[in-house]
Amino acid sequence: MKSKLHNRLSILNYISSTDNYKVMFICTIVLSLYGSIGLAVSTRNPLDTVLIPFQFTIFNMFMFAILFLNTLNTCIIFNKEFTFYTLRLKSKRRYINELLTNVFLMHLYHLILFFMLYFIVIFIIRQGTISIHDYQNYSVSNLAYVVFYLLRYVILSLLLNLFTTLMYIYFKKTTTLFNFIFIACFMLVKTSIEIKNQFNIYVWSYFSNVVYESFSLELSYSAIYIFSLLFILFAFYFYTINSKKWSIL
């Protein structure tokens with residue numbers, strides 16, 4: 001157990017020390033400053049500012065570009081620099097599980113760094129009093145909705161990057177095309193959409209300011225969407241394991 005943990009930490013430490021990751025980290029710093037300073041509207045309540053960048057098209061495009069690059073960088077380094085380790089895994093299932101775990105940890109590590117810097121800047125610049133009130137037409141506070149929205153944002157971005165990892169294993173270079181199309185599709189979604197009680201199948205809409213009839217409806221639809229993506233992810237996971245199209249070597 002200790003040996004496995006040591007190997008994983010060594011891999012993650014190596015990946016985060018590469019020049020490619022350092023460039024992505026610098027881009028993340030710039031993006032966090034752009035979101036916290038450039039997109040923040042004039043308001044004295046920091047809570048009313050937090051979600052604005054995460055509902056803005058250009059910000060989301062750059063955010064997912066960085067996250068996808070982080071995932072692809074992790075996959076490429078794991079395959080090229082740790083061949084001796086991947087060969088010891090022997091089975092496809094163990095190889096996929098190990099790669100997904102590394103992507104999962106690198107994804108969370110990167111988002112934690114981003115949110116730390118983002119919130120520090122937000123609360124330094126917005127020195128007004130934190131005011132908790134109802135969010136839009138919902139019967140929940142703005143604080144509760146911020147927590148809900150960011151949690152959904154993190155979960156969806158994680159699922160999409162795990163899906164990207166499986167695509168990299170199965171399709172290799174085609175994965176980049178999928179990432180490009182996904183990012184480009186953000187341009188097709190309005191930054192503010194009003195939907196009364198309709199379930200939305202487009203994942204990009206969950207990264208914008210969608211107004212539902214009630215918060216409970218948005219919560220229910222979000223849960224259904226996340227579980228649907230999980231089902232698709234697991235189906236692709238088992239399909240990839242059993243596929244003869246690729247091998248560990």
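## Overall layout

Read along the sequence, this protein runs α-α-α-α-α-α-α-β-β-α. That pattern holds 8 helices and 2 strands. Please keep in mind that what you see is a predicted model.

How does the radius of gyration fit with a compact globule? A compact globule of 249 residues would have a value near 18 Å, and the protein has 19 Å, so the two agree. Taken along the principal axes, the C-alpha atoms fill a box of roughly 55 × 40 × 35 Å.

## Inside and outside

Of the 249 residues, 51% count as buried. The accessible surface comes to about 13,100 Å², and carbon and sulfur atoms account for 68% of that surface.

Among contacts between residues at least 6 apart in sequence, 75% join residues at least 24 apart.

## A nonpolar patch on the surface

Now turn to the outside of the model. Which residues form the nonpolar patch on the surface? They are Phe25, Ile29, Leu33, Ile37, Ile112, Met116, Ile120, Ile124 and Ile125, and together they have about 770 Å² of accessible area.

Two helices, α2 (19–38) and α5 (92–125), each supply at least two residues of this patch. Helix α5 gives the most, with 5 residues.

## Aromatic pairs

A search of the whole structure finds 42 aromatic pairs. In one of them, the ring centres of Phe54 and Phe59 are 5.2 Å apart and the planes meet at 75 degrees, so the pair is edge-to-face. The angle decides this, because planes over 60 degrees apart count as edge-to-face.

Are these two residues buried or exposed? Phe54 has 0% relative accessibility and therefore counts as buried. Phe59 is buried too, with a relative accessible area of 0%.

## Ser131 in its loop

For a last stop, find Ser131, which is placed in the loop between α5 and α6 (142–171). At 33% relative accessibility, Ser131 counts as partly exposed.

What does Ser131 touch, not counting residues up to four places away in sequence? Its contacts are Asn45, Leu47 and Asn142. Tyr225 lies 94 residues from Ser131 along the chain, and the C-alpha atoms of these two residues are separated by 31 Å.

Technical notes
Residues numbered from 1 in each chain as written. Predicted model: local features only at pLDDT ≥ 70, side-chain atom pairs only at ≥ 80, totals over all residues. Heavy atoms only, no water. Patch = residues over 30% accessible without salt bridge, like charges linked within 9 Å, V, L, I, M, F, W, Y side chains within 5 Å. Areas by Shrake-Rupley, 256 points an atom, 1.4 Å probe, with all protein chains shown as cover. Salt bridge = Lys/Arg side-chain N within 4 Å of Asp/Glu carboxyl O. Helix = DSSP H or I, 4+ residues; strand = E, 2+ residues; numbered from the N terminus. Phe/Tyr/Trp six-rings, centres within 6.5 Å; stacked < 30°, edge-to-face > 60°. Buried < 20%, exposed > 50% of the residue type's maximum accessible area, 1.4 Å probe, protein only. Contact = heavy atoms within 4.5 Å. Rg over C-alpha atoms; globule rule 2.2 N^0.38 Å.
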